[in-house]
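Hi,

Here is the structure I promised to pass on.

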Amino acid sequence: MTDSLPPASLSGLRILDLSRILAGPTATQLLADLGADVIKVERPGVGDDTRSWGPPFVPRADGADSDLSAYFLSANRNKRSIAIDLTTAEGGALVKRLVAVSDVVVENYKPGDLDRRGLGYDDVRKIKPDIVWCAISGFGQTGPYADRTGYDFLVQAMGGLMSITGDSDAAGGRPVKVGVGVADVMCGMYATVGILAALRHRDRTGEGQYIDLALYDSQVAWLINAATNHLVSGRTPGRIGNRHPNIAPYQTFGTADGEIAIAVGNDVQFGRFCAAIGLAELADDERFRRNRDRVANIDALDDVLTAALRADTAETWERRLVAAEIPAGRVATIDQVVNHPHTLARDMVVEMSGSDGRPLRLLGNPLKMSATPVRFDRPPPHLGEHSEEIQVELSRLETGDGSER
């Protein structure tokens, strides 16, 4: 524990986490990093689905795989785990007792599942009227697809992202997913914002509320300029690889030994870029003088720049372009990123002590807060690791023997 740190931003909040996989756990991990007490409810003997999503797994002392997959580790730091069978009367009663001492419930059951068990929002708000309830589902609580199960991969396809990700048909490409579960992660970010906004409303008025959040909706929302381009122009965007639909040059290029990303954001930068690669005259070419011209003539521009950049290494071009104040950088692999001096200087890889005392390396939290820094107090829990601790604490709270928080 890091008791020398000041109180965290969300210290005093208790969150009952009935979610699993990635969207909900991403939200509750972020809230836990900010100081909330997150109690993760898991199925006895099975736990969160992602506990089995491997390899790799953290090994036990005897070398066998533990219930801590790398996937599970990515979204369950700073939480306590309690194993409860929600299909039993005893399990349902225990969940209701936990709701009574919580501020927020996060769940991602299919619409109607918890209602059928007497554990839905209308049931629990009779116990805790000011509860903030965040229901995360694939397609929302209403609409023609409300009863369909949604996963990140499916939503990337159905929500339009795959249609603009990958090389074009002309280049032999196919629709592809993003390399991580970005639809889930972004849904988790929206969930976090919604929960904090609802807590602000509760603190002001004493009124709780229900948040209906769909993976599909959040995916559609963060199509951002791609969808807005269509809404304005009527044209349907397609796949263009690493090119940008509205800016040029803003893509990757092959060099003598690897790929480099170059992001020229305006015409002044383009002039400096051309000089830095030894093609100063290119900035005066009427085909490329303005950004709109470069976008219209992207194939011709691509041919010229590709030929020029093949003449030297990615490292050399990065050094020259950065010196000319052009945003540029080599395409890095994951191992290069997590061991990079800048990554380490920004505390984006943190070391925690696992429950067995052995070191555990995890990704850090990007929030750098001056007064209430994020905390890394608890490693991701084993299934049911805190069941007894939580029930003892719950009994104390119910009898008034101890602080509620």
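The protein has 16 helices and 13 strands, taken as DSSP runs numbered from the N terminus (H or I of at least four residues for helices, E of at least two for strands). This is a predicted model, so local features need pLDDT of at least 70 and side-chain atom pairs count only at pLDDT 80 or more, while totals for chains, interfaces and linings use all residues. Residues are numbered from 1 along each chain as its sequence is written, and side-chain values use heavy atoms, with hydrogens and water left out.

Overall picture: along the principal axes, the C-alpha atoms fill a box of roughly 80 × 50 × 45 Å. Of the 405 residues, 42% count as buried; that means under 20% relative accessible area, with exposed being over 50% and partly exposed in between (1.4 Å probe, protein chains only). The accessible surface is about 20400 Å², and carbon and sulfur atoms make up 54% of that (Shrake-Rupley method, 1.4 Å probe; for residues, only the protein chains shown count as cover). Taking contacts (heavy atoms within 4.5 Å) with a separation of 6 or more, 67% are between residues 24 or more positions apart.

On to the salt bridges, where a side-chain nitrogen of Lys or Arg lies within 4 Å of a carboxyl oxygen of Asp or Glu. The whole structure has 29 of them. One joins Arg243 and Asp299, at 2.9 Å from N to O. That pair links distant parts of the chain, 56 residues apart: Arg243 is in the loop between helix H9 (224-233) and strand E9 (250-254), and Asp299 is in helix H12 (residues 298-309). Arg243 is partly exposed at 26% relative accessible area, and Asp299 is partly exposed too, at 49%.

Another salt bridge is Arg330 with Glu318, at 2.5 Å from N to O. Arg330 lies in strand E11 (residues 328-330) and Glu318 in helix H13 (residues 314-323), so this pair ties together parts twelve residues apart in sequence. Arg330 counts as partly exposed, with 44% relative accessibility. Then there is Arg358 with Asp356, whose closest N and O atoms are 2.7 Å apart; Arg358 is partly exposed at 35%, as is Asp356 at 46%. If you like networks, look at Arg14, Asp37, Arg80, Arg378, Glu389 and Glu393, which are linked by salt bridges.

Asp184 sits in helix H7 (residues 182-205). Beyond its neighbours within four places in sequence, Asp184 touches Leu22, Ala23, Asp152 and Leu215.

Now the aromatics. Rings of Phe, Tyr and Trp (its six-membered ring) pair if their centres lie within 6.5 Å, with planes under 30 degrees apart called stacked, over 60 edge-to-face and the rest tilted. By that rule there are six aromatic pairs. Phe139 and Tyr216 have ring centres 5.7 Å apart and planes at 40°, so they make a tilted pair. They are 77 residues apart, with Phe139 in the loop between strand E7 (132-137) and helix H6 (152-158) and Tyr216 in helix H8 (residues 215-221). Phe139 is buried at 7% relative accessible area, whereas Tyr216 is partly exposed at 29%. Tyr121, Trp133 and Tyr210 form one aromatic cluster.

Two arginines also lie over rings: Arg51 over the face of Phe72, 3.9 Å from the ring centre, and Arg148 over Tyr145, with its charged end 4.3 Å from the centre. The rule there is NZ of Lys or CZ of Arg within 6 Å of the ring centre and within 35 degrees of the ring normal.

Leaving aside neighbours within four places in sequence, Gln219 contacts Val155, Gln156, Gly159, Leu161 and Ala183. Gly160 is in the loop between H6 and H7 and counts as partly exposed at 21%.

Cheers
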